[in-house]
Structure formats: structure tokens, C-alpha cells
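Here is a short report on one strand, its partners and a pocket. Look over the sequence and the model before reading on.

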Amino acid sequence: MPNDAVYTHGHHESVLRSHTWRTAANSAAYLVGHLKPHMRVLDIGCGPGTITADLAELVPQGEVVGVDTEPAILERARSAADERGLTNTRFAVADVHELDFPDDSFCVVHAHQVLQHVGDPVRALREMRRVCKPGGIVAARDGDYATMTWYPQVPGLDAWLHLYRRVARANGGEPDAGRRLRSWALEAGFPATAVTASAGAWCYATPEERAWWSGLWADRTVASSYARRAVEGGHATEAELRDIADAWREWGSRDDGWFAVLHGEVLCRV
């Protein structure tokens, strides 16, 4: 059965503004040290391909295959790889629940911010394990919305967090996935001794970082697929979304503003 969850964010410009900022250094550091030049890597939910391209540079004698459910976003990923002159990448449409690859195809199977959006994360991890070679690594990193924290305590941001978690769960996802990754990996059949769990964080505190982070969330709150689903699902009115967007801009304008995003991470040995 294919993924029956709805991708909450969609691919509005405000979403891609965030996704194209991601690199192997700021989003997959827990994995980078395990990569070898000859490895074949599967990057699931690759989006616009910035992490994919970084991984390809780290395995110059190998290959990175980036997959996503949306054909249009894969064109962005191909362009990103072409602009960097990479010849060891390719891209394909795929659903993590039913990967169209033979068993034991990859040395590393990686998913960044994917399992929080799928209908069956345990099944997804089993499928990732199936296509990973013995001795290889299944790696996953996901945010944990309930642990996001900020200062100052602008009231509208509390409303944002409660709303986002409601919308994400109504769409079939789990916004607090980070804390569950180890549990899901064990349920998927990885032995406890084969799973290494860790945590990483993004932090936005400089004026430039605050303006970027608050701006993309203000825009996403009123103009993205997330905004449409919030209204159509009866979770918020357009007026309430505008108030939340204003709260984001207020937070971003504060000189003492600080925001941290915690992620759970797992490295699972096959």
C-alpha cells in the first residue's frame, strides 16, 4: 500500500527556501563520518537535492540516487547536481513504503525529515533496511516539534506550534518523530545493539538567521499547502493564520530572539 499520509508543507517557495538551505554539514553530520568514497547511497525524500549533492561529493567513486514522490521537485534536484558538475547522481520518483530497488542495493540508505510525514514509518524503515546491503547503514533524522523552543515567548508562536502539530497529525504524520526514531527502528526489526541514537539541533539567533527563519514561517503560515490544509481541515481561520504570521515577524524583529530546533537521529547497522 502506498503512503497514505499527506505531505503537510507542500513545495511553496517559502518551503523550498528552507529545504535549499540544508546541507550534509548542517543536516547529516551524524552520518558524514561513516561515508567512504566508493559507497552507493540512496537519499530518500531528497527534495531540491542540496543534501544529495553534498553526499555525492563525499562518495566520488560511488553513486547517490535521490528519490522523492514529486516529479517536479526532482527537476530542481537534477539542476542542482548539474550546476555543481556532479556525474555520480541520478534521480527517480519513489515511495519509501515500496522502493523500486532490489534487495541489498545500497551501502547507505538515508532519509532526512521524511519519517515524520509518512503513513507507516516502521514499514518505511523495514523497506529501507531491505534495500541496504549487509554491513550497511540505514540513517534517519527527524525534527521533534514539541521540543522546539524559543525566546522571547511571543504568544502567537505557542498558537503556531499547537496548530502545526494538529494539522500534521490530521494529515497522517507524526510531528514529534525525532524522539520515536529509535523505537521505530527497533519495531522495524533492527537489534538494539545495531541502533545508535543521537540528537542534533539547528539554532537561529543572529539578525540574519532570525529574519530568514521568521520570514519563511510567516510566509508558509499564510501561503503554503500547510495554510490551505489548516483552513480546509477546520483547524484555523485565515484571520488566525495572519495573526500567527504576525507573531513570527514580531519574534524575528526582536534583538534578543533565539530559536532552537531539536532533531532525533539514528544510525542502524544492517
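Two strands count as paired if DSSP finds at least two bridges between them. The model shown here is predicted.

Start with strand S5, residues 132-143. Nine of its 12 residues are buried, so S5 is largely enclosed by the rest of the structure. Buried here means under 20% relative accessible area.

S5 pairs with strand S4, residues 106-112, and the two run parallel. S5 also pairs with strand S8, residues 258-269, and these two run antiparallel. The table sets out both pairings.

| Pair | Bridges | Direction | Residues opposite each other |
|---|---|---|---|
| S4 and S5 | six bridges | parallel | His112 and Arg141 |

**The largest pocket**

Now turn to the largest pocket. It holds about 700 Å³ of space. Its lining has 42 residues, and the closest to its centre are Tyr7, Gly45, His112, Gln113 and His117. His112 is also the residue that stands opposite Arg141 in S5.

Several elements give two or more residues to this lining, including S4, S8, helix H1 (13-19) and strand S1 (40-44). Which helix gives the most? Helix H9 does, with three residues.

What classes of residue make up the lining? There are 19 nonpolar, 17 polar and six charged residues.

Methods
Residues are numbered from 1 along each chain as its sequence is written. This is a predicted model: local features need pLDDT of at least 70, side-chain atom pairs count only at pLDDT 80 or more; totals for chains, interfaces and linings use all residues. Side-chain values use heavy atoms; hydrogens and water are left out. Buried means under 20% relative accessible area, exposed over 50%, partly exposed in between (1.4 Å probe, protein chains only). Helices (H or I, at least four residues) and strands (E, at least two) are DSSP runs, numbered from the N terminus. On a 1 Å grid over the protein atoms alone, a cavity is a set of points where a 1.4 Å probe fits but cannot get out, and a pocket is an open set with protein on both sides within 12 Å along at least five of seven lines; lining residues have an atom within 4 Å of a point. Grid points are joined across faces, edges and corners, and a volume is the space filled by probe spheres set on the points. Ala, Val, Leu, Ile, Met, Phe, Trp, Tyr, Cys and Pro count as nonpolar, Asp, Glu, Lys and Arg as charged, and the others, Gly among them, as polar.
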